[in-house]
Amino acid sequence: MPGNDDDKIIQRYVLSVLYYALNGANWKAMEGWLTDGDECNWDNISCEDATTSVVTHYEPERNRLEGTIPSEIGELTGLVSLDFRNNNIEGTIPTEFGSLASLEELQLQYAGLSGSMPDEICALRTDAVPAGQLSVLIADCGGATPE
């Protein structure tokens, strides 16, 4: 994604939903968000290259995110790195992260999320069978939640 105009529209839509769901008006770094400029130039966003404009990194660590991560995040299938550390996010870890088959790094420490790591995410790990791409995941994927 985005290989065509529809993919680009979906990508911008999902990023806009993230902005509203996570209280974007109060973020520390929000330059470019919701403007008509290329989302690859928005704060905390990096893209594969200027030609394809595929969002590969969303890293809003310590950016005062508040709210619940929307399910639409699973549509950002080009994501390689996702870093929600040190924010004030509510709710559980979305199972939709499991749709991010290109994901290599997922950072959720001190993000405020609750619950256990969904199986859909654990299945993306490089030591899973079959192996995925996810090499950085600090989480218990053993099934039982420690007391």
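Tutor: Two strands pair if DSSP finds at least two bridges between them. Strands are DSSP runs of E with at least two residues, while helices are runs of H or I with at least four, and both are numbered from the N terminus. Here is a case to start with: the bridge partner of serine 46 is histidine 57 in S2.

Student: Before we go on, what kind of model is this?

Tutor: This is a predicted model, in which local features need pLDDT of at least 70, side-chain atom pairs count only at pLDDT 80 or more, and totals for chains, interfaces and linings use all residues. Residues are numbered from 1 along each chain as its sequence is written, and side-chain values use heavy atoms, with hydrogens and water left out.

Student: Thanks! How many helices and strands does the protein chain have?

Tutor: The protein chain has 2 helices and 7 strands. Read from the N terminus, their order is α-β-β-β-β-β-β-α-β.

Student: Back to bridges, then. In which sense do S1 and S2 pair?

Tutor: S1 and S2 are antiparallel partners, joined over 3 bridges. Besides serine 46 and histidine 57, you can find cysteine 47 opposite valine 55 in S2. S2 also runs parallel to strand S4 (residues 81-83), with 2 bridges between them. There, tyrosine 58 stands opposite leucine 82 in S4.

Student: In what order do the strands form the open sheet?

Tutor: The open sheet has 5 strands in the order S1-S2-S4-S6-S7, and its pairing is mixed. S1 and strand S7 (136-137) are at the edges with a single partner strand each, so one side of each has no neighbour in the sheet.

Student: Next, the core. Which residues have the most contacts inside the largest nonpolar core?

Tutor: A nonpolar core is a set of buried Ala, Val, Leu, Ile, Met, Phe, Trp, Tyr and Cys residues joined through side-chain atoms within 4.5 Å. Buried means under 20% relative accessible area, exposed over 50%, and partly exposed in between (1.4 Å probe, protein chains only). The largest such core here has 35 residues, and those with the most contacts inside it are Tyr58, Leu82, Phe84, Phe97 and Leu106. Helix H1 (5-21), strand S1 (45-47), strand S2 (55-58) and helix H2 (119-122) are the elements that give two or more residues to this core. H1 gives the most, with 4 residues.

Student: Which residues is leucine 106 in contact with?

Tutor: Contact means heavy atoms within 4.5 Å. Setting aside neighbours within four places in sequence, leucine 106 is in contact with Leu82, Phe97, Ile121, Leu134, Val136 and Leu137. Leucine 18, found in helix H1, counts as buried at 0% relative accessibility. Not counting residues up to four places away in sequence, leucine 18 touches Trp27, Tyr58, Pro70, Ile73 and Leu76. Leucine 100 lies in the loop between strand S5 (88-90) and strand S6 (105-107), and leucine 100 is buried too, with a relative accessible area of 0%. Beyond its neighbours within four places, leucine 100 is in contact with Ile73, Gly74, Leu76, Thr77, Leu79, Leu82 and Leu124.

Student: How many aromatic pairs does a search of the whole structure find?

Tutor: Rings of Phe, Tyr and Trp (its six-membered ring) pair if their centres lie within 6.5 Å; planes under 30 degrees apart count as stacked, over 60 as edge-to-face and the rest as tilted. The search finds 8 pairs. In one of them, tyrosine 19 and tryptophan 27 have ring centres 5.3 Å apart and planes at 70°, so this pair is edge-to-face. Tyrosine 19 counts as buried at 11% relative accessibility, as does tryptophan 27 at 4%. Tyrosine 19 also forms a stacked pair with tryptophan 33, at 6.1 Å centre to centre and 20° between the planes. Tyrosine 19 is in helix H1 and tryptophan 33 in the loop between H1 and S1, so the pair ties together parts that are 14 residues apart in sequence.

Student: Which residues form one aromatic cluster?

Tutor: The cluster is formed by Tyr19, Tyr20, Trp27, Trp33, Trp42, Tyr58, Phe84 and Phe97.

Student: Last one: what share of the residues of the protein chain counts as buried?

Tutor: Of its 147 residues, 39% count as buried. As for contacts with a separation of 6 or more, 48% join residues 24 or more positions apart.
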